[in-house]
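Here are some notes to go with your look at this model.

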Amino acid sequence: LRDAPNAVPRRYERVPWESEVMEQVHKACLFIMESNQFTAFMTVLTLYALFGDDMKLCLTDMDADFGFMIMACLCIVFFSAEIFFQTMAYQWYFLGFYFWIDLVSTLSIFTEIQPVMTEMSAGLGGSGGKSAAMLKAGKAGRVGTKASK
């Protein structure tokens with residue numbers, strides 16, 4: 001660096017392929033978000049996230065709880081992936097209104113996982129009836145997000 005007084009230190013240089021890679025990631029995420037198959041899949045998953053827990057309570061025995069817990073985990077994974085894809089595809093999305101709605105509704109799915117709910121109830125010192133109702137309302141926000149997009 002002494003030979004070149006105007007040289008930028010190596011750690012601050014841009015990697016030459018950085019913008020190309022980010023452009024490819026942006027295009028791939030935009031392609032995924034704009035595809036009809038992904039939209040249809042996420043819509044079905046959203047309907048399951050809204051009504052799956054109620055179907056579990058009304059239509060199945062306790063033997064089916066593990067399967068529903070696995071589905072809740074899959075919903076969290078796919079909704080988190082959708083948040084990532086939208087963040088990379090749309091510049092306006094990150095930290096915007098829809099980002100927070102999607103994040104809260106995704107986090108609310110954790111309450112459908114029995115070990116998580118048991119720990120939350122013990123930590124809060126009660127059954128958490130009001131908080132459970134509020135988290136259900138957060139999931140309803142995902143439907144509003146889907147409808148407005």
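1. A word on terms before the details: a residue is called buried when its relative accessible area is under 20%, exposed when that value is over 50%, and partly exposed in between. By that cut-off Tyr48 is buried, since its relative accessible area is 16%. Please keep in mind that this is a predicted model.

2. Now the overall layout. The protein has six helices and zero strands, and from the N terminus on its elements run α-α-α-α-α-α. Of the 149 residues in the protein, 28% are buried.

3. Let me stay with Tyr48 for a moment and turn to the rings. Searching the whole structure gives 11 aromatic pairs. One of them joins Tyr48 and Phe68 in a stacked arrangement, with 6.4 Å from centre to centre and 15 degrees between the planes. This pair links distant parts of the chain, as Tyr48 sits in helix α2 and Phe68 in helix α3, 20 residues apart. Phe68 is buried too, with a relative accessible area of 17%.

4. A second ring pair has another geometry. The centres of the Phe99 and Trp100 rings are 5.0 Å apart and their planes stand at 80 degrees, so this pair is edge-to-face; the cut-off for that label is an angle over 60 degrees. Phe99 is buried at 8% relative accessibility, whereas Trp100 is partly exposed at 43%. Both belong to a cluster linked by ring pairs, whose members are Tyr90, Trp92, Tyr93, Phe94, Phe97, Tyr98, Phe99 and Trp100.

5. Which residues are buried in α4? They are Phe99, Asp102, Ser105, Thr106 and Ser108.

6. Leu95 lies in the loop between α3 and α4, and its phi is near 65 degrees, a positive value in a residue other than glycine. The relative accessible area of Leu95 is 46%, so this residue counts as partly exposed.

7. On charged pairs, the structure holds one salt bridge. It joins the side chains of Asp53 and Lys56, at 3.3 Å from N to O. Both partners lie in helix α2 (residues 36-59), three residues apart, about one turn of the helix. Asp53 and Lys56 are both buried.

8. Next, the surface. Phe41, Phe66, Ile70, Leu74 and Phe78 form a nonpolar patch there, with about 450 Å² of accessible area together. Which helix gives the largest share of the nonpolar patch? Helix α3 (residues 65-89) does, with four residues. Phe66 is found in helix α3 and is exposed, with a relative accessible area of 54%.

9. The structure holds zero disulfides. Cys75 is buried, with a relative accessible area of 1%, while Cys58 is exposed at 66% relative accessibility.

10. Met22 and Met88 are 66 residues apart along the chain, and their C-alpha atoms are separated by 8.7 Å. Met22 is found in helix α1 (residues 18-34). With a relative accessible area of 42%, Met22 is partly exposed.

Key: Residues are numbered from 1 along each chain as its sequence is written. This is a predicted model: local features need pLDDT of at least 70, side-chain atom pairs count only at pLDDT 80 or more; totals for chains, interfaces and linings use all residues. Side-chain values use heavy atoms; hydrogens and water are left out. Patches are made of residues with over 30% relative accessible area and no salt bridge: like charges are joined within 9 Å, nonpolar side chains (Val, Leu, Ile, Met, Phe, Trp, Tyr) within 5 Å. Accessible areas come from the Shrake-Rupley method with a 1.4 Å probe; for residues, only the protein chains shown count as cover. A salt bridge is a side-chain nitrogen of Lys or Arg within 4 Å of a carboxyl oxygen of Asp or Glu. Helices (H or I, at least four residues) and strands (E, at least two) are DSSP runs, numbered from the N terminus. Buried means under 20% relative accessible area, exposed over 50%, partly exposed in between (1.4 Å probe, protein chains only). A disulfide is a pair of cysteine sulfur atoms within 2.5 Å. Rings of Phe, Tyr and Trp (its six-membered ring) pair if their centres lie within 6.5 Å; planes under 30 degrees apart count as stacked, over 60 as edge-to-face and the rest as tilted.
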